[in-house]
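Please look over the sequence and the structure below. The paragraphs that follow go through contacts between chains first and then contacts within chains.

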Amino acid sequence: MMVIDVAKDFSRTPFGRYKTDSQFSAEEFREKLLLPNINSGYALTIDFSKISLGVGSSFLEEAFGGLVREGIDPAYLKSHIKVVDRMGLYDEQVRKFIETASKV
Amino acid sequence: MSESTGINLKVEENIYNKNYTVSCEIINIESYNIAKPKGNWVSEYHINLLIPTLLVLIGWRIIYLNAKKLATRSESKAILDSIIKLYEELDNLAVDFWLGEDEKQDSNRYLMIVMAKFETLSNRSTDLYKRNVNIDKSVLNNYYSALTLNCENIRKMSQSECAIYTQNILDLSRKNISALYENYNHTYKPTYKITKSFVRS
């Protein structure tokens, strides 16, 4: 199992959907951390619990819904990804965004 | 304790001085003792002492449990009220952002405040959940999505699109609040029926 600690490996203040919105955007996160590790075959845990405050739904949608748009199989994503955060809400949100992106 | 069972009473008359002499002879005395039945340690004394004490202890326990229940209910209501207040604050923020003037449509600022308040809301909801007031986490999820999804694109959206977003947020907020009250009343049932029947009797 691989763990991505977002606060440590990416940024404590990730924000925005596109690279034009912020230096630590969802697009940057997906390209730099998610895509290189997603096809390793290992289960991937993305830990948002140490970031300050939280991330907006747009960030989650772009980061994980964007994986589906990049061609990653939604079923593979659902079985290999787990999202952890302080509130215990992001995992369900991410699954919903993966599902929605797969239908488009 | 002893009891006489046979008495011989004799009265003699003196014919000379007209005096009477009464003599009493006890023929048979049976004596017996009231002894404690062997193997039984509980006497009337013990029963007279134990039962009232037990009743007092039971009474105290009932009063304590009732007071504890009332205090827990008050605390839970206070947490519920604070959650409702947070929902109202978030709704006001959303309305100001989505339908407000351009100066108020700073998505960074909006997101920061919403995320801070939402985290407090989530923690309060967890506190209430620990007090057996069931809360469906998915409704919080939907509300969070409604509040924050696509907020950075507000300047590219039309007024009607913003209105739709706002309506959705307010609708979810009202539904969540109703569900919270319902779950609270389910856990801490109102006692008005008992009061009515008491007054009628």
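Which residue of chain A forms a salt bridge with E119(B)? The model is predicted, and in it the partner of E119(B) is R86(A), with 2.7 Å between the closest N and O atoms. Side chains of opposite charge can pair when their charged atoms come close. Across the interface of chain A and chain B there are 2 salt bridges by the rule applied, and the pair R86(A) and E119(B) joins the two chains in this way. Polar contacts link 14 residue pairs between chain A and chain B, counting pairs in which both residues have pLDDT 80 or more.

Helix α5(A) contributes the largest share, 5 residues. Sorted by class, the side of chain A that touches chain B holds 7 nonpolar, 5 polar and 6 charged residues.

The extent of the interface can be given in residues or in area. In residues, 18 from chain A are in contact with 22 from chain B. The size of an interface is often given as the accessible area lost when the parts come together. For chain A and chain B this buried area is about 1,700 Å², and carbon and sulfur atoms account for 54% of it. Three residues, L53(A), M87(A) and L89(A), supply 33% of what chain A buries against chain B, more than any other three residues.

Over all chains, the count by the same rule is 21. One salt bridge within chain A pairs R17(A) with E62(A), at 3.3 Å from N to O. R17(A) sits in the loop between α1 (6-9) and α2 (26-38) of chain A, while E62(A) belongs to helix α3 of chain A, so the pair ties together parts that are 45 residues apart in sequence.

Within chain B, the next topic is a pair of helices. Two packed helices are described by the angle between their axes and the distance between the axes. For α2 (residues 107-130) and α3 (residues 137-148) of chain B, the angle is about 170° and the axes are 11 Å apart. An angle over 145 degrees counts as roughly antiparallel, and α2(B) and α3(B) are therefore roughly antiparallel to each other. Among the residues that meet are Y110(B), L111(B), V114(B) and F118(B) from α2(B), and L140(B), Y143(B), Y144(B) and L147(B) from α3(B). By class, this contact of α2(B) with α3(B) has 10 nonpolar, 4 polar and 1 charged residues.

Technical notes. Residues numbered from 1 in each chain as written. Chains lettered and ligands numbered in written order. Predicted model: local features only at pLDDT ≥ 70, side-chain atom pairs only at ≥ 80, totals over all residues. Heavy atoms only, no water. Axes fitted to C-alpha atoms, helices over the stretch in contact; angles between N-to-C directions. Helix = DSSP H or I, 4+ residues; strand = E, 2+ residues; numbered from the N terminus. Parallel < 35°, antiparallel > 145°, perpendicular 65-115°, else oblique. Contact = heavy atoms within 4.5 Å. Nonpolar A, V, L, I, M, F, W, Y, C, P; charged D, E, K, R; others polar. Buried area = accessible area lost by both parts, 1.4 Å probe. Salt bridge = Lys/Arg side-chain N within 4 Å of Asp/Glu carboxyl O. Polar contact = N/O pair within 3.5 Å; in protein donor to acceptor, adjacent residues only side chain to side chain.
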